[in-house]
Amino acid sequence: MRINEIIQALEQVAPIAYQESYDNSGLILGDPNWQCTGVLCCLDSTEAVILEAKAAGCNLVIAHHPIIFNGIKQLNGKNYVEKTVITAIKNDIAIYAIHTNLDNIILGVCNSMANKLGLIHKKILAPKSNTSFTENNDNQTVGSGLIAELPEPMEEIGFLQMVQTSFNLRVIRHTVLLNKTIRKVALCGGAGSFLLKNAMAAGADVFISADFKYHEFFDAEERILIADIGHWESEQFTVGLLIDILQAKFPTFAVLKSVIKTNPVNYFL
Ligand SMILES: [Zn+2]
């Protein structure tokens, strides 16, 4: 099977046109006509993951985060991006990124989070209004974040404990507890603070996301509970989602999950 066939299968689910303008999803490195020897899925295609792919006999690494975001003018190994690219080229390993286009589909990154919490009545939090998405005019299935409901209302503490357990978290950074019952839950994998206003407008009792800055916590205005669970933690089920998509299309093909924990953030507790 050619690499291109695998890309087509992914882009049937998460069309490349759904990515945000700043993004760099797609085949970042390699030739779509190469015969694929195996796929390794990961969140971050670091050099260690490229070497993991090599050891496993996989010449295609599918990552959520694009290893190259901005242009590269030199390639001399002075930083981790260049080192990774050089190692991939030397070993004939292709790198494909499926980033905000996977975030922006209803059955994407946020849906995996919502399923882990057992949420129901899931809807896109900020539907795409851009009419250039000609492949799919039903914008209610394309956009950022998710708004959903708990099957049964929960108290805040119990809810946060459930989130901690479901995501195996060491820590949750959150705003002041409001002594409100949690019914509606907004969530966004990765850096989702840009959706706080949408979460509040949608009547969410809590917004689960990551990468909130100090001043952004103030924006909750004691109207919503912000729960910052960490970027890697919020996206940890994304690799499983990629594996599910590919195994459904290619049940007998070698699709592996990276075992390297690439989270650059550590906690000293
Ligand atoms: Zn991310």
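Two strands count as paired if DSSP finds at least two bridges between them. The model shown in these views is predicted.

View 1. β2 covers residues 39–44 and runs parallel to β11, with three bridges between the two. Leu-40 has Leu-256 of β11 as its bridge partner. Helix α2, residues 47–56, packs on the sheet and touches β2, β3 (60–65) and β11. The direction of α2 makes about 165° with that of β2. Helix α10 also lies across β2, β3 and β11. Its angle to β2 is about 155°.

**View 2. Five strands make an open, mixed sheet.** The strand order is β1-β4-β3-β2-β11. β1 (26–29) and β11 (255–257) are the edge strands, and each pairs on one side only. On average, neighbouring strands of this sheet are turned by 30° against each other, direction ignored.

**View 3. Six strands make a second open sheet.** Its order is β5-β6-β8-β9-β10-β7, and the pairing is mixed. β5 (120–127) and β7 (173–174) stand at the edges with a single partner strand each, so one side of each has no neighbour in the sheet. β5 pairs with β6 (residues 143–155) in the antiparallel sense, over five bridges. Within this pair, Pro-127 has Gly-143 of β6 as its bridge partner. Helix α5, residues 109–116, lies across β5, β6 and β8 (181–191) and runs at about 140° to β8. Helix α6, residues 156–166, packs on the sheet as well. The strands that α6 touches are β6, β7, β8, β9 (206–210) and β10 (225–228). The direction of α6 makes about 125° with that of β6.

**View 4. Helix α5 is largely enclosed.** Six of its eight residues are buried, so the rest of the structure largely encloses α5. The buried residues are Val-109, Cys-110, Asn-111, Ser-112, Met-113 and Ala-114. They pack against α4, β5, β6, β8, α9 (231–234) and α10. Gly-118 follows α5 and has a positive phi, near 70°.

View 5. In soluble globular proteins, nonpolar side chains tend to be buried together.

**View 6. Phe-207 and its contacts.** Residues up to four places away in sequence are left out here. Beyond them, Phe-207 touches Ala-186, Leu-196, Ala-199, Ile-224, Ile-226 and Ala-227.

Definitions and conventions:
Residues are numbered from 1 along each chain as its sequence is written. This is a predicted model: local features need pLDDT of at least 70, side-chain atom pairs count only at pLDDT 80 or more; totals for chains, interfaces and linings use all residues. Helices (H or I, at least four residues) and strands (E, at least two) are DSSP runs, numbered from the N terminus. Axes are lines fitted to C-alpha atoms, for helices over the stretch in contact, and angles run from 0 to 180 degrees between N-to-C directions. Two residues are in contact if their C-beta atoms, placed from the backbone, lie within 7 Å. A residue is buried if 20 or more other C-beta atoms lie within 10 Å of its own, exposed if 12 or fewer, and partly exposed in between; C-beta atoms are placed from the backbone.
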